[in-house]
Amino acid sequence: RPDGTVLWSAELDPSMFGSGDQARGLALSPDGTLWVAGNTPGPDATADVLLARYDALTGQLLGTTPFSTGPSKSESARAIMRRASGAGCSCDASGAAYVAAGTVGDGADVMILKFDASGQHVWTRIWDGPGSSPWSSDSARAVHIGPDGHLFVQAQAVMSNLHPDYVVLKLDAAT
């Protein structure tokens, strides 16, 4: 509303996943689903990516999807896809959401996740920059979908000269 009245608020039930949940980004799909990406404590005290879906009109929780690539992996979402054109669309035309996240390999690595409109995991892509352990520290900052349907990921990576630099990745959103 124009006067700033709160229309609804929603809190993810901490008993679902434990305490320490953190929201990191949100996006709105064409069908009115509000996606919230973040992280939650995993079963072995590491972080897992957590994706929650809400009805944008009512605030009703539609579902949650915790995600991890495996035990003892600490992973968390950094951002959720935004359409580069800013045309009022936050997810692709099918309602799929793309999440820029991080995982642990030889250090921190970039992880990009695709979830379909129902919140089911579709694919994972991991990018590891040229820096080597123990200096490898790569992190995703943002993910956007361009007008041609390709994903653009903004990342920061430690390069082979051991200095950080910005990186732009272009991915095929379908595969």
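These legends describe close-up views of a predicted model. Residues are numbered from 1 along each chain as its sequence is written, and side-chain values use heavy atoms, with hydrogens and water left out. As the model is predicted, local features need pLDDT of at least 70 and side-chain atom pairs count only at pLDDT 80 or more, while totals for chains, interfaces and linings use all residues.

**View 1. Four strands form an open antiparallel sheet in the order β5-β7-β8-β9.** Strands are DSSP runs (E, at least two residues) numbered from the N terminus, and two of them pair if DSSP finds at least two bridges between them. Because β5 (76-80) and β9 (121-127) stand at the edges with a single partner strand each, one side of each is left without a neighbour in the sheet. On average, and with direction ignored, neighbouring strands of this sheet are turned by 25° against each other, the axes being lines fitted to C-alpha atoms.

**View 2. Strands β5 and β7 run antiparallel and are joined by four bridges.** In this pairing, where β7 covers residues 97-104, Ala-79 stands opposite Ala-100 in β7.

**View 3. Strands β8 and β9 form a hairpin with five residues between them.** Six bridges join β8 (residues 108-115) to β9, and the two strands run antiparallel. Val-110 stands opposite Trp-127 in β9, while Gly-119, in the turn, has a positive phi of about 90°.

**View 4. Phe-67 and Phe-115 form an edge-to-face aromatic pair.** Rings of Phe, Tyr and Trp (its six-membered ring) pair if their centres lie within 6.5 Å, and planes under 30 degrees apart count as stacked, over 60 as edge-to-face and the rest as tilted. For this pair, the distance is 6.3 Å centre to centre and the angle between the planes is 90°. Phe-67 lies in strand β4 (residues 61-67) and Phe-115 in strand β8, so the pair ties together parts that are 48 residues apart in sequence. Phe-67 counts as buried at 11% relative accessibility, and Phe-115 is buried with a relative accessible area of 0%, where buried means under 20% relative accessible area (1.4 Å probe, protein chains only).

**View 5. The largest pocket is lined by 16 residues.** Among these lining residues, Leu-12, Ala-23, Val-36, Ala-52 and Tyr-54 lie nearest the centre of the pocket. The elements that give two or more residues to the lining are β1 (22-28), β2 (33-41) and β3 (47-55), and the largest share, five residues, comes from β2. A pocket is an open set of points on a 1 Å grid over the protein atoms alone, with protein on both sides within 12 Å along at least five of seven lines, and lining residues have an atom within 4 Å of a point.

How values were computed:
Axes fitted to C-alpha atoms, helices over the stretch in contact; angles between N-to-C directions. 1 Å grid on protein atoms, 1.4 Å probe; cavity = no way out; pocket = protein on both sides within 12 Å on 5 of 7 lines; lining within 4 Å. Buried < 20%, exposed > 50% of the residue type's maximum accessible area, 1.4 Å probe, protein only.
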